[in-house]
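The structure comes first, and the findings follow.

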Amino acid sequence: MIQPSISKTDTRMTKAVTPQERLAITLRYLATGETQTSLSYQFRVSQNLISLIIPETCSAIYETLQPIYMRMPRSQEEWRKVSQDFHSLWNYPLCLGALDGKRVLLQKPAHSGSHYYDYKGNFSTIIMALVDADYNFLYADVGTNGRASDGGVWNKCKLKEDIEYEEIGIPPPANLPNYDIQVPYVIVGDDAFPLQKYLMNPYPGNDQSNEKHIHNYRLSRARRVSENAFGILSSRFQVFNKPIRTCPERANMVIQACLVLHNMLRTESRQDYSPPELLDQEDIQRRRMVVGQWHDHQHNALGDLQVIARRPKRDAMQVRDLFCTYFNNEGSVPWQNEMALLH
């Protein structure tokens, strides 16, 4: 599929590295995180050439596979299908995705000053991703410098603009199942994101009423898909084990290639790529959490966003309260009281 984009012509002096070798070098790098020096010995290709092959092939992978495996919904029917999956799999109605952000650590970029220097004292670039009910990435914004505040990252995100200007075909507000009250379609996130009418986060603090604990549990249950998606990504692509040793522009190409390959492998080779035991799961029968094996893998180059307290708007709080009331009445599930205690 990517051969036309990465093929090179032989010269009188040398034979070009074949597309198959270029792809093998790149996949080996993404899967193992090996140094370019190590790869040069394995493939008998100079380190200088490998430093050009990897970003070029990553770019070709993303440009070729993204329209097939990572296309964001653009019509009301497609968004309703995403929402139906969240309702059937995770008991969260009118949900369009789980939003999560990660900082990807970089080697200090040359001549960058403090541009990529984050609040933890590392150099990083940021991924902002929306994940569907089946652990696939629907959308990813890659490349915001680590110096930006986490609230600033979301405010600059193209997805936020598209939602607020109604440019991506999100359906109008609808009734919750078996509940005669309309609420907008929403995405779910953790408390690193501001509460909005279209973006639900948990009630803050630990000293909450039982009803609010139930709401936070139900939201956490839907939001867990994004944690599992990033867990699968970091466990299968060992390039995230340590800071990426290249310039930020090429690091962004590496990240984008990993995201789209994740979706392709979830579609084409799910059992081998992400077997059930790899994921965090709930054992509803025994009322317990089962920790996924992705926690056993190192993912030192992926970090969470910083939590910043913000005062939400009244209309956003009203939408969250409606979901809370619904989850404690018509939308309740039999196991929620016991499982909420684990959260």
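The largest pocket has a volume of about 590 Å³. The model it sits in is predicted. Strand E1 (95-105), helix H8 (210-236) and strand E10 (302-304) are the elements that give two or more residues to the lining of this pocket. H8 gives the most, with 10 residues. In total, 32 residues line the largest pocket. Nearest its centre lie Asp 190, Asp 191, Ser 220, Arg 223 and Glu 227. By class, the lining divides into 12 nonpolar, 12 polar and 8 charged residues.

The second largest pocket holds about 470 Å³ of space. Its lining counts 21 residues. Ile 163, Glu 166, Pro 184, Tyr 185 and Tyr 198 lie nearest the centre. Helix H7 and strand E6 (186-188) each supply at least two lining residues. H7 gives the most here, with 3 residues. The classes are 15 nonpolar, 1 polar and 5 charged.

H7 spans residues 158-164 and includes Asp 162. Is Asp 162 buried or exposed? At 3% relative accessibility, Asp 162 counts as buried, because the cut-off for buried is under 20%. Leaving out residues up to four places away in sequence, Asp 162 touches Glu 167 and Ile 168.

Now to helix H3, which covers residues 36-43. Gln 36, Leu 39 and Ser 40 are buried in it. Seen down the axis of H3, the buried residues fall within an arc of 105°, so they line one face of the helix. Those buried residues pack against helix H2 (19-32) and helix H4 (47-69). Arg 44 follows H3, and its phi is positive, near 60°.

The cysteines come next. How many disulfides does the structure hold? The count is 0. A disulfide is a covalent bond between the sulfur atoms of two cysteines.

| Cysteine | Relative accessibility | Closest cysteine sulfur | Sulfur distance |
|---|---|---|---|
| Cys 58 | 0% | Cys 258 | 6.7 Å |
| Cys 157 | 2% | Cys 95 | 16 Å |

Terms used:
Residues are numbered from 1 along each chain as its sequence is written. This is a predicted model: local features need pLDDT of at least 70, side-chain atom pairs count only at pLDDT 80 or more; totals for chains, interfaces and linings use all residues. Side-chain values use heavy atoms; hydrogens and water are left out. Buried means under 20% relative accessible area, exposed over 50%, partly exposed in between (1.4 Å probe, protein chains only). Helices (H or I, at least four residues) and strands (E, at least two) are DSSP runs, numbered from the N terminus. The arc is that of the directions from the helix axis to the C-beta atoms. Contact means heavy atoms within 4.5 Å. A disulfide is a pair of cysteine sulfur atoms within 2.5 Å. On a 1 Å grid over the protein atoms alone, a cavity is a set of points where a 1.4 Å probe fits but cannot get out, and a pocket is an open set with protein on both sides within 12 Å along at least five of seven lines; lining residues have an atom within 4 Å of a point. Grid points are joined across faces, edges and corners, and a volume is the space filled by probe spheres set on the points. Ala, Val, Leu, Ile, Met, Phe, Trp, Tyr, Cys and Pro count as nonpolar, Asp, Glu, Lys and Arg as charged, and the others, Gly among them, as polar.
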